[in-house]
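The following exercises are to be worked with the sequence and the model side by side. Each task is followed by a solution in steps.

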Amino acid sequence: VSKQMLEQVLRELQPLCTAEQQFIKKFFQLSQDAADLQVLEVSVRTMSSPVPSAKGPTTQLLSEIFSCLEPELRGFLDVCNKVHPFSCLQVLVTLNDSVFEMWGSSSALSSSFLNTVLGNMLLLAKSSFNKCIGTLCKEIEEAKMPSKMKGGILPSVSCFEEFVNFSEEVFRTARRRGELDKAHLRLASSVFSSINSLPSANLKVNTDMVMMENFHHIHCFLCQKKIHCLEGKKREAKQRYSEHMEKYVIKYLGQPLEKLHHFFEGVKARVAQGVKEEEVSFQLAYSKQELRKVIEKYPGKEVKRALETLYRKIHKYLSPEENLLPVVWHAMEQEFIHQYQEFEDLIHRCYAGSGIAMDFTMEDLLSYFNSITLSN
């Protein structure tokens, strides 16, 4: 509604000011003020404040006749900006389009006074828009995380999406979108910053999981929107989503085979320190007997049960709307296979000829994952 009212006011102002300006020129036999035109042309090109240093006689007279115009317009813009939290976007687009339409029209030369006034209003609209974006960025960066948050999409991400959806609709037919592109980049940086601050928020859930989901959500949203200025942010979101998924998977993977994992980390550390592979088993903590003890703790049935528990745990915490469970579970399987192969390789190299082997084979492991996937 404020958009239509503002457009109507601007439409009705132009013929009024143009007629008055033409009457003054004719009545007082004045030529077009060269200073007015020059200042106006420069101001429209550079989008700077179109206020001449010395007013020509026509502009001087119009300024006195319409002395209340600028204060009234300022008051009207204030009202328009208060209608909706993001009304300043609509005001900016409407004024921007009006100034350019007037400059392109045949009456532009005879309405330089009005263009000067509207140029000042446009600067005011830009200032309101920038203040609105600054406030939004601050809100996003300083948003407190709910203490009982279980995961899912953060309020800051939803706020960013809401703004982008609304602003893209408002600017759909706009002639210029430079201001909006700058705003999108500022807001995207604030959202990334708010996600990055999660580890310090002492959440009761795994922060890598929440960060993975939110970066994934932003990536999908930006893929759908196809906003040119946010291409870099889209790539960054994808990279961050992948990084946090890897951390999440690795952090949780140590658990089903935790003691085996620690044992072989110790073996690798000894080899890295210079102990020959064939001599590792002569070290008390990494003897064949110690290895057998650890392996006995992981019969196939127990491993399968541990994986089922892990699946339920991931299923419980991942938000259903992101549908990342199949992706995360597949990454878990790949990492688990990699870990199993590493254990087998270390047994083969450091405990050669001992006949020691894990209680379950690679085929068993694949069947565990397969049955868990199929039964859920």
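Phe263, Phe264, Tyr286 and Phe343 are linked into a cluster by ring pairs. Rings of Phe, Tyr and Trp (its six-membered ring) pair if their centres lie within 6.5 Å; planes under 30 degrees apart count as stacked, over 60 as edge-to-face and the rest as tilted. This is a predicted model, in which local features need pLDDT of at least 70 and side-chain atom pairs count only at pLDDT 80 or more, while totals for chains, interfaces and linings use all residues. Residues are numbered from 1 along each chain as its sequence is written, and side-chain values use heavy atoms, with hydrogens and water left out.

**Exercise 1. Confidence**

Determine the average pLDDT of the protein and find stretches where pLDDT stays under 50.

Step 1. The pLDDT, the predictor's confidence in each residue from 0 to 100, averages 84 over the protein, and 86% of the residues score at least 70.

Step 2. Residues 39-45 stay under 50, and the model gives them 15 contacts beyond four places in sequence; contact means heavy atoms within 4.5 Å.

Step 3. Residues 47-54 also have a pLDDT below 50, with 24 contacts beyond near neighbours in sequence.

**Exercise 2. Aromatic pairs**

Which helices hold phenylalanine 160 and phenylalanine 221?

Step 1. The structure holds 13 aromatic pairs. One of them joins phenylalanine 160 and phenylalanine 221, edge-to-face, at 6.4 Å centre to centre with 70° between the planes.

Step 2. Phenylalanine 160 belongs to helix H7 (residues 155-170) and phenylalanine 221 to helix H9, so the pair ties together parts that are 61 residues apart in sequence. Helices (H or I, at least four residues) are DSSP runs, numbered from the N terminus.

Step 3. Phenylalanine 160 counts as buried at 3% relative accessibility, and phenylalanine 221 is buried at 6%. Buried means under 20% relative accessible area, exposed over 50%, partly exposed in between (1.4 Å probe, protein chains only).

Step 4. Phenylalanine 192 and phenylalanine 215 form an edge-to-face pair, 5.3 Å centre to centre and 75° between the planes. Since phenylalanine 192 lies in helix H8 (residues 178-196) and phenylalanine 215 in helix H9, this pair ties together parts that are 23 residues apart in sequence. Phenylalanine 192 and phenylalanine 215 are both buried.

Step 5. Lysine 233 lies over the face of phenylalanine 192, 5.0 Å from the ring centre. A charge sits over a ring if NZ of Lys or CZ of Arg is within 6 Å of the ring centre and within 35 degrees of the ring normal.

**Exercise 3. Asparagine 214**

Is asparagine 214 buried or exposed, and with which residues is asparagine 214 in contact?

Step 1. Asparagine 214 is located in helix H9 (residues 207-225) and is buried, at 0% relative accessibility.

Step 2. Leaving aside neighbours within four places in sequence, asparagine 214 is in contact with Gly152, Ile153, Leu154, Val157 and Ile195.

Step 3. A polar atom of the asparagine 214 side chain lies 2.8 Å from the backbone nitrogen of leucine 154.

**Exercise 4. Cysteines**

Step 1. A disulfide is a pair of cysteine sulfur atoms within 2.5 Å; the whole structure has zero disulfides.

Step 2. The closest cysteine sulfur to that of cysteine 88 is in cysteine 132, at 3.7 Å, which is too far for a bond.

Step 3. Cysteine 88 is buried at 5%, and cysteine 132 counts as buried at 15% relative accessibility.

Step 4. The C-alpha atom of cysteine 88 is separated by 8.3 Å from that of lysine 126, 38 residues apart along the chain. Lysine 126, in helix H6 (residues 112-142), counts as buried at 12% relative accessibility.

Notes:
Helices (H or I, at least four residues) and strands (E, at least two) are DSSP runs, numbered from the N terminus. A polar contact is a pair of N or O atoms within 3.5 Å; within protein, one must be able to donate a hydrogen and the other to accept it, and residues adjacent in sequence count only if both atoms are side-chain atoms.
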